[in-house]
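Hi,

Here is the model I promised to pass on.

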Amino acid sequence: MNDVLDVALRLVIVFAVFMVVPLVVGQAEHKVMAHMQGRLGPMYAGGFHGWAQLVADGVKFAQKEDVVPADADRRIFQLAPAVALLPYLLVILAIPIGPSEGAVGQVIDAGIFFVLAVMGVGVLGSLMAGWASANKFSLLGGLRTAAQLLAYELPMLLAAASVAMAAGTVSLPGILNAFEWWWLPWQIVGALVFFVAGLAELQRPPFDMPVADSEIIFGAYTEYTGLRFALFLLAEYAGIVVLCGLTTVLFLGGWHGPFGEDGLGWVWTLLKTGVLAFVVIWLRVTYPRLREDQLQKLAWTTLIPLALAQIALTGIVKVAIN
Amino acid sequence: MILSATAGHPGFLSPTGVEIAFLLVGLATFGAAVVTVTTKQLVHAALWLVVALGGIAVEYLLLTAEFIAWVQVLIYVGSVVVLLLFGLMLTRAPIGRSPDADSGNRWMALGASVPAAGALVWVVVDAFRTTWIDLDGPAQGSTKASGEFLFRNWVLPFEALSVLLLAALVGAIVLSRKDRQDRKDRKDRKDRPDRSDGRTAGQVRPDTRARRTGPDRTERPAADREDNS
Amino acid sequence: MPPIPGSGLAKGLAVTLRTMTKRTVTAQYPDVQPELPPRTRGVIGLFEENCTVCMLCARECPDWCIYIDSHKETTPPAAPGGRERSRNVLDRFAIDFALCMYCGICIEVCPFDALFWSPEFEYAETDIHELTHERDKLREWMWTVPEPPALDPGAEEPKEIAAARKTADKLQAQEEREAQEAREARDAQGPAEDRSDRAAGQEGQE
């Protein structure tokens with residue numbers, strides 16, 4: 001009975017985190033992006049600096065009519081948002097935020113493979129949406145999504161493999177237990193590759209070709225309205241949280257910090273994740289969208305060689321230490 | 001890696017919860033696989049394939065082979081099916097039935113697949129026979145166990161497979177390179193000015209212009225996305 | 001020396017970060033009224049006392065958005081046996097702000113200073129017909145016309161002040177001349193009175 005309660009409590013907490021943190025990131029994006037462009041951003045909803053803007057947006061989305069195009073493949077069209085969103089929920093389950101046993105939703109032996117595999121599944125949602133919408137812009141968006149995923153999954157995996165080699169384990173808490181501060185300069189190239197490839201996999205600007213609004217309206221999500229559209233947006237922000245959390249855990253040492261590791265390790269994790277989320281927003285504001293061929297070129301001619309070089313470096317250092 | 005036989009298994013007539021789950025997931029996977037090959041809708045077939053492959057991953061998980069399960073999801077669901085869908089969308093992916101996709105080789109396919117499936121089942125059954133896995137003990141399919149097993153006992157097949165994949169990779173590169181060489185030859189022939197015939201020169205010009213203003217040469221940053229700000 | 005690879009990317013990041021630390025330029029309009037420059041073209045006010053119904057504004061308007069109706073009144077001759085005078089009386093003066101493009105030509109061409117810019121701009125309506133402001137409404141806008149901005153230091157005096165000063169100077173010169181004549185006439189009587197008289201004159205001048 002106690003075990004059941006424990007599992008239920010963990011699930012509830014993870015679900016709450018999953019519902020709240022992406023909204024916090026979204027609100028931060030509203031405000032940071034506004035100020036980076038010399039604007040104020042939302043100011044009314046909720047009274048104080050528009051803190052409840054996303055809640056209001058959610059209410060608005062819930063009120064909208066849920067339209068399914070006449071020619072669409074109904075069932076797949078309606079299933080796609082869930083397929084896009086659920087994997088991120090599962091990934092958050094596996095990210096450890098503190099050193100103790102209770103600070104992770106579920107310890108998974110092959111943690112790296114789990115998170116990368118499940119994140120890859122999330123893209124299936126975009127593909128299904130793109131195909132099932134019976135809209136040529138949606139189809140183009142789906143195609144671009146697929147091409148982008150195929151190109152960026154590889155450098156992401158290679159960069160993660162480099163960390164796994166360094167730690168000698170593929171379990172996320174295991175990697176953090178093995179972490180030393182000098183891994184930071186050692187794995188810095190891998191960290192950059194992982195972060196950039198993750199951004200591309202999430203279709204965040206400047207890698208937002210699949211939803212390029214000036215070219216293909218909103219890509220795979222063109223035909224969506226109401227709550228289903230909101231779920232896609234939520235998936236994007238949950239993806240940011242997951243990517244930043246993973247980069248923190250794999251490359252920035254998670255709960256390790258200059259001081260206060262024992263009791264306040266989770267603060268370090270959250271702090272690093274928050275800084276990375278800020279960087280994600282910062283990059284979105286700063287850079288224009290890449291063109292499709294530039295996107296592919298970046299993946300195949302820059303990121304993959306860099307990731308391979310990182311693996312070679314990791315191997316050499318590892319052998320030298322032993 | 002799951003060969004560690006344990007003596008004294010409980011027998012078939014008193015199944016545990018895991019065994020029942022294994023059987024049910026197996027049935028679901030089999031059903032998804034059957035739908036995959038019988039459905040008339042191309043993209044639905046690919047999506048049912050996702051279900052079938054995911055079911056297999058769940059079976060691995062139930063057998064405590066966690067690493068294999070996640071790799072199954074990563075490679076097959078995350079990459080192979082995405083590639084499949086990509087190919088379908090690029091060529092033809094109509095919504096609804098596509099009866100013309102049936103090649104009419106149903107009997108031949110059946111004739112090829114039934115013996116193949118029979119052979120596989122027979123090999124697996126014969127190899128493991130009454131081997132039982134102890135699910136309650138330490139996970140026998142963990143990453144560590146898989147790694148040790150793979151790189152101690154099965155290094156040679158592993159390396160042979162990697163050489164095979166390398167050969168495939170080199171072959172793919174050679175094929176694409178050859179194609180480019182062909183195009184270059186054709187272009188050289190076209191670019192050579194043919195003074196006796198003015199029409200040839202006229203045909204060349206649009207081609208070269210298209211290349212000069214191709215997507216590689218123009219740097220045109222698009223505007224930032226303003227969707228949900 | 002070629003630029004370091006990635007320096008352009010870093011520069012872009014620096015620009016956005018710097019912008020974030022600066023004050024925003026957002027005008028919180030309904031909460032905070034904007035500070036408008038003195039010559040803002042908000043709405044046109046009519047100082048109908050100055051209007052002579054010369055119709056120049058209506059004729060110059062590129063949009064034909066000024067409507068003027070008038071009739072003639074005759075006034076009896078000023079002197080018996082003289083000619084009757086006729087005078088234009090304004091019946092209707094309206095500006096259709098749905099048509100107006102705020103070019104300000106009517107204000108420029110008005111020879112009698114009857115039209116003025118006012119910075120008021122909050123007169124949106126739900127019915128387009130109500131955007132045609134009639135004479136009384138245009139007269140109301142006159143109360144919102146700000147004082148003309150002060151001239152630059154060292155600028156030429158405004159014409160009306162120059163004219164007034166000229167008249168005043170002329171008047172003073174005449175008074176002084178009369179005083180001078182009076183003094184000369186008084187000089188024969190005694191010099192003591194003369195001094196106090198001159199002091200009073202100087203005070204008056206200041």
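**Interfaces and cores**

Between chain C and chain A the count of salt bridges is zero, a salt bridge being a side-chain nitrogen of Lys or Arg within 4 Å of a carboxyl oxygen of Asp or Glu.

Some housekeeping: this is a predicted model, where local features need pLDDT of at least 70 and side-chain atom pairs count only at pLDDT 80 or more, while totals for chains, interfaces and linings use all residues. Residues are numbered from 1 along each chain as its sequence is written, chains are lettered from A and ligands numbered from 1 in the order in which they are written, and side-chain values use heavy atoms, with hydrogens and water left out.

Back to chain C and chain A: the rule does find seven residue pairs in polar contact across that interface, both residues at pLDDT 80 or more. Polar contact here is a pair of N or O atoms within 3.5 Å; within protein, one must be able to donate a hydrogen and the other to accept it, and residues adjacent in sequence count only if both atoms are side-chain atoms. The side of chain C that touches chain A has seven nonpolar, six polar and one charged residues (Ala, Val, Leu, Ile, Met, Phe, Trp, Tyr, Cys and Pro count as nonpolar, Asp, Glu, Lys and Arg as charged, the others, Gly among them, as polar). In contact terms (heavy atoms within 4.5 Å), 14 residues of chain C meet 15 of chain A.

Chain B against chain A: 40 residues of chain B are in contact with 49 of chain A. For this pair, too, the rule finds zero salt bridges, and it finds one residue pair in polar contact, both at pLDDT 80 or more. H3(B) supplies the largest share of chain B's side, 16 residues (helices are DSSP runs of H or I, at least four residues, numbered from the N terminus). By class, that side of chain B divides into 23 nonpolar, nine polar and eight charged residues.

Now the packing. The largest nonpolar core has 125 residues, and Leu124(A), Tyr152(A) and Phe194(A) touch the most other members. Such a core is a set of buried Ala, Val, Leu, Ile, Met, Phe, Trp, Tyr and Cys residues joined through side-chain atoms within 4.5 Å, with buried meaning under 20% relative accessible area (1.4 Å probe, protein chains only). Helix H10 of chain A (residues 226-251) gives the most to this core, 17 residues. Apart from it lies another core, of 25 residues, including Leu46(C) and Trp117(C).

Cheers

Notes:
Buried means under 20% relative accessible area, exposed over 50%, partly exposed in between (1.4 Å probe, protein chains only). Helices (H or I, at least four residues) and strands (E, at least two) are DSSP runs, numbered from the N terminus.
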